[in-house]
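Have the sequence and the 3D view open side by side.

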Amino acid sequence: MNSTLANRLVSWFAAAKRDLPWRKEPRDPYRVWVSEVMLQQTRVDVVIPYYRRFLRRFPTLRALAGAPLDDVLAHWSGLGYYARARNLHRAAQACRGSLPRTAAELRALPGFGPYTAAAVASLAFGEDVPLVDGNVARVLSRVFAVRDDARAKAWKMAARLLPAGRGGPFNEALMELGATVCTPRSPACGRCPIREMCRGREDPTKYPAARRRAPRAILEWHAIALRRLDGAVLLVRRPAGALFAGLWDLPAEKPAGIRLHGRPTSRGVVEQTLTHREVHVTVATARASGTPPDADVRWVAPEGIAAMGMSSLARKSLRCAGVLTPDRTSRTLRGP
């Protein structure tokens, strides 16, 4: 069964794969890596414009390594899960101009877990190593009718199925099948190239077993938009260990060295739903002046805000405060 399954999947993928910008041949390891990091917890249609903009600014590994972190975060702004961008930058600096070629070596770099290391090693360098993401775990749990511990068991199953010399195409075929055919709800079993081999085909949505999600915690904080007479707004960098660490945001209160001119005015509450929590921000605005106490506090003109690394929630707070124009296309962000 193993060789037949692999042959069918690889043949199907060659004919049915989507035309995605990171699949251009020959594969560039750096671009494969950037795409895999961006695709974690994020849909392909959301990633594509971010990917293209990021590669225009950082076309090579050396360009990324030599860029300021603020610039990297600014080009990631709105994509969510900002630890991905910080680790991408750290790893680019650590690998000294070229990525290691094996999954074992890649695992030593910041941000490279088992999946990312295997994805880059197999897709970019042709190493025969298995990989498992949510799509692969779902496909294999259905093929072998595995309900519990699907992710852990899928790693073992993927290793047994891996065809020698074709690990990359096989891995990509499994991921593509899960993304386009063997979807979580309403899978298109009639279009599946391995449906006759699937033990779960009679009721595929039973596999894997649904996980019970814990209720989201609610975080509440304050933000004040302090404006100078020339229109500049005061921004602060969020500290290490905090939600959105390293990104720029409105301060929660008046920083040292800044003088208020009048009482703050309430502007309302903005909300953001993240993967594991909800954040409610009470926004106020006031006139102010003064000299920021350090480099992590700065005055920024409205036209300069686009170049700052900021979360979608921070930009939503700025719109609420009247600093930015309201954006009717803003979306719910998944991930901190």
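Rings of Phe, Tyr and Trp (its six-membered ring) form an aromatic pair if their centres lie within 6.5 Å; planes under 30 degrees apart count as stacked, over 60 as edge-to-face and the rest as tilted. The structure holds six aromatic pairs. This is a predicted model, where local features need pLDDT of at least 70, side-chain atom pairs count only at pLDDT 80 or more, and totals for chains, interfaces and linings use all residues. Residues are numbered from 1 along each chain as its sequence is written, and side-chain values use heavy atoms, with hydrogens and water left out.

**Aromatic rings**

A pair of aromatic rings is described by the distance of the centres and the angle of the planes. Two of the pairs are set out here.

| Pair | Centre to centre | Angle between planes | Type |
|---|---|---|---|
| Trp22 and Tyr51 | 5.2 Å | 80° | edge-to-face |
| Trp33 and Phe112 | 5.4 Å | 20° | stacked |

Helices (H or I, at least four residues) and strands (E, at least two) are DSSP runs, numbered from the N terminus. Trp22 lies in the loop between helix H1 (2-16) and helix H2 (29-39), and Tyr51 lies in helix H3 (residues 44-57), so their pair ties together parts that are 29 residues apart in sequence. Trp22 is buried at 7%, and Tyr51 is buried at 2%.

Trp33 sits in helix H2, while Phe112 is in the loop between helix H7 (103-106) and helix H8 (114-125), so this pair links parts 79 residues apart in sequence. Both Trp33 and Phe112 are buried. Together with Tyr30 they form one aromatic cluster.

**Two packed helices**

Helix H9 (residues 134-143) packs on helix H10 (residues 150-161) at an angle of about 80°, with the axes 9 Å apart. Axes are lines fitted to C-alpha atoms, for helices over the stretch in contact, and angles run from 0 to 180 degrees between N-to-C directions. H9 is therefore roughly perpendicular to H10 (an angle of 65 to 115 degrees).

**A buried arginine**

Arg315 belongs to helix H12 (residues 312-320). Arg315 is buried, with a relative accessible area of 17%. Which residues does Arg315 contact, leaving aside its neighbours within four places in sequence? They are Ser77, Ile305, Ala306, Met308, Met310 and Leu324. Contact means heavy atoms within 4.5 Å.

Technical notes:
Angles under 35 degrees count as roughly parallel, over 145 as roughly antiparallel, 65 to 115 as roughly perpendicular and the rest as oblique. Buried means under 20% relative accessible area, exposed over 50%, partly exposed in between (1.4 Å probe, protein chains only).
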